[in-house]
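Dear colleague,

Please find below the structure for your review. My notes on what was found in it follow directly after.

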Amino acid sequence: MPMLRKLIYLATAAIFIFSLMVGCTTEQSHLKKAEIAKKPRLEEKGSITFPTNKSEQSYKESLINSHGTTISERIKVPEGYERVEVPRGSFAEFLRNLPLKPHGTKVKYYNGEEKPNDVYVAVIDMDVGTRDLQQCADAVIRLYSEYLYKNRQYDKIHFNFTNGFRADFKKWMQGYRIKVEGNKTYWIKVAGYDDSYECFRKYLDMVFAYAGTLSLSQEMKRVPLSDLQIGDVFLKGSDPGHCAIVVDMAQNPKTGEKIFLLAQSYMPAQDIHILKNPANEDNNPWYSINFGDILVTPEWQFTKDQVYRFGD
């Protein structure tokens, strides 16, 4: 009898221990499932990863289309905004459709070195040259000149040097070249007529060498911020100075708010690039026209009254 009671006691203890083990395993299993359920499930759509559990993680779709080859294709407008209409063949249309280098391309200096500051979302597909010439004001001159040259408006391609000398491309095409001796600048005839792109680029390098933000501010006209258009330039004309050009705009039809994209070059001469907006944390490069008194860009600050436009 004592032996029977001992066997019954051992059997009861074994059953109790087994039930504890099963219960513990079941609880751990429930805990793991609960933890997994809290993490947003991810779905792959192309090269972008989208969280589907929006209650656990807020998400804004990227405004960068990595497959886009122009500004208008690469950079999408935020929800609720529409790109402003621009005249066909206008400078605004030209800027909006500037070709871009492949997504992820780094900005290069004229000597081939990479720009260390990560201040851009895209790089314009346009040569920078092999000399330290195409800096900030020169990039603005380059874009406007490229538009005029493409449309054969040669008589409108002219810029002033810092000393006031006017350099006309039309005269350069006729074979004249600019001679600089100290502060004295004059034309000399050295070649025949040439309207080739190579001749045009040599003209631009000459302008880049002797023009700057100061001369640019003196030949452009100031416009109110409220009248901002694609092609306008935020410009501080001094030494040192800086400028950035508006290359696209959009508007919210309900609120009327305008937003814009900026492009710049910098020192030393470097690829022209589309700037990030340091005020945005979601890689949104658009700037609101309602920025207040100071426009803060990654490498410079402008005041709201420093908006300029090329004349006719």
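Phe302 has a relative accessibility of 0% and therefore counts as buried (buried means under 20% relative accessible area, exposed over 50%, and partly exposed in between, with a 1.4 Å probe and protein chains only). This is a predicted model, in which local features need pLDDT of at least 70 and side-chain atom pairs count only at pLDDT 80 or more, while totals for chains, interfaces and linings use all residues. Residues are numbered from 1 along each chain as its sequence is written, and side-chain values use heavy atoms, with hydrogens and water left out.

Phe302 belongs to strand S16 (helices, H or I with at least four residues, and strands, E with at least two, are DSSP runs numbered from the N terminus). Setting aside neighbours within four places in sequence, its contacts include Phe234, Leu235, His242, Ala244, Ile294 and Leu295 (contact means heavy atoms within 4.5 Å). His242 is 60 residues from Phe302 along the chain, and their C-alpha atoms are separated by 8.8 Å.

Asp293, also in contact with Phe302, forms a salt bridge with Lys304, with 3.2 Å between the closest N and O atoms (a salt bridge is a side-chain nitrogen of Lys or Arg within 4 Å of a carboxyl oxygen of Asp or Glu). This pair links distant parts of the chain, 11 residues apart: Lys304 is in the loop between strands S16 (300–303) and S17 (307–309), and Asp293 in the loop between strands S14 (287–288) and S15 (294–297). Lys304 is partly exposed, its relative accessible area being 42%.

The structure holds 14 salt bridges. In one of them, the side chains of Asp248 and Arg96 meet at 2.7 Å, N to O. Asp248 lies in strand S11 (residues 242–251) and Arg96 in helix H3 (residues 91–96), so this pair ties together parts 152 residues apart in sequence. Both Asp248 and Arg96 are buried. Asp168 and Arg166 form another salt bridge, their closest N and O atoms being 3.0 Å apart. Here Asp168 counts as buried at 19% relative accessibility, whereas Arg166 is partly exposed at 40%. A network of salt bridges links Asp127, Arg142, Glu146, Arg201 and Asp205.

Asp138, in helix H4 (residues 136–150), is buried yet has no salt bridge; Arg201, the nearest side chain of opposite charge, is 9.6 Å away (Lys and Arg count as positive, Asp and Glu as negative; His and the chain ends are not counted). A polar atom of the Asp138 side chain lies 2.8 Å from the backbone nitrogen of Gln135. Beyond four places in sequence, Asp138 is in contact with Leu133, Phe208 and Ala211.

Helix H6 (residues 197–210) has 14 residues and reaches 20 Å from its first C-alpha to its last, close to the 20 Å expected (1.5 Å times one less than the number of residues). Its buried residues include Arg201 and Phe208. Among the elements covering the buried residues of H6 are H4, helix H5 (169–173) and strand S7 (176–181).

S7 runs antiparallel to strand S8 (residues 184–189), with 6 bridges joining them (two strands pair if DSSP finds at least two bridges between them). Glu181 has Lys184 in S8 as its bridge partner. The two strands, S7 and S8, form a hairpin with 2 residues between them, and Gly182 in the turn has a positive phi of about 65 degrees.

With kind regards

Methods. A polar contact is a pair of N or O atoms within 3.5 Å; within protein, one must be able to donate a hydrogen and the other to accept it, and residues adjacent in sequence count only if both atoms are side-chain atoms.
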